[in-house]
Amino acid sequence: MERKSKVTQSAVNATCNHLQDDNKNVTVNAVIGVIGGSFSTVGDMVKLWRDEQAAHSAPLLQMPESVNQAMNKAAFDIWAAASGLAGESVERIQKEAGGAITKAKAELSEYAGEVLRLERELEQANLKTIEQIKKANEMQEAAVKTISENAGYVAQLTEKDSQLYSLKADYSKLQSELVEIAKAANKPARKPRAKTTPKKAAE
């Protein structure tokens, strides 16, 4: 396959001049259609050709002084009007910004007051919570003490029940002994037997 030759500035310039001489539009695509190349490469070269054409073109006619003064006056009037509009815009923007800042400061003050109020409420709530925790701890300690005391009372009652049971047993035993003693005291005494003298043996 035959390799295409590299596009050069001179080839682009010649093609542009030829298109211009034929009263055709000098475009990048038109040049590419004649000599080939990429759009980016040929585009830069066509632009360079146009810049050279503009540099070699005939100088413009000198502008009359009256036209120059009229243009300067028109430019001054336009600048003065633009400055006035700009000043009004700046003043309006400053006024609006001042109002917005004032409103924002008022809202910020309200928010700051609300935050301060909430912080105070939170502090009070924390104090109440601490007090409630303290009371709960005291109540828990009192409950533990009461449970301990109740356990002691239960132990004492158990010991008293044991002593009472023992006393009841002793009382029953003593009562039985008293009954036996009373019975023994009320039983009649036996009469002593008369001793019989044996008869003498018959003499």
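Which residues does T15 touch, not counting residues up to four places away in sequence? In this predicted model, T15 is found in helix α1, which spans residues 9-21, and the residues that T15 touches beyond four places away in sequence are V31, V34 and I35. The relative accessible area of T15 is 7%, and because the cut-off for a buried residue is under 20%, T15 is classed as buried.

The loop between α1 and α2 contains N23, a residue that has a positive phi of about 60 degrees although it is not a glycine. Most residues other than glycine have a negative phi. In contrast to the buried T15, N23 is exposed, with a relative accessible area of 73%.

Helix α2, comprising residues 28-35, packs against helix α3, comprising residues 39-56, at an angle of about 115 degrees, and the axes of the two helices are 9 Å apart. Because angles of 65 to 115 degrees count as roughly perpendicular, α2 and α3 are assigned to that category, and the crossing of these two helices is right-handed. On the α2 side the contact is made by V28, N29, V31 and I32, while α3 contributes F39, V42, G43 and V46. Classified by residue type, the contact of α2 with α3 has six nonpolar and two polar residues, with no charged residues.

Key
Residues are numbered from 1 along each chain as its sequence is written. This is a predicted model: local features need pLDDT of at least 70, side-chain atom pairs count only at pLDDT 80 or more; totals for chains, interfaces and linings use all residues. Side-chain values use heavy atoms; hydrogens and water are left out. Axes are lines fitted to C-alpha atoms, for helices over the stretch in contact, and angles run from 0 to 180 degrees between N-to-C directions. Helices (H or I, at least four residues) and strands (E, at least two) are DSSP runs, numbered from the N terminus. Angles under 35 degrees count as roughly parallel, over 145 as roughly antiparallel, 65 to 115 as roughly perpendicular and the rest as oblique. A crossing is left-handed if the near helix is turned anticlockwise from the far one by less than a right angle, and right-handed if clockwise. Contact means heavy atoms within 4.5 Å. Ala, Val, Leu, Ile, Met, Phe, Trp, Tyr, Cys and Pro count as nonpolar, Asp, Glu, Lys and Arg as charged, and the others, Gly among them, as polar. Buried means under 20% relative accessible area, exposed over 50%, partly exposed in between (1.4 Å probe, protein chains only).
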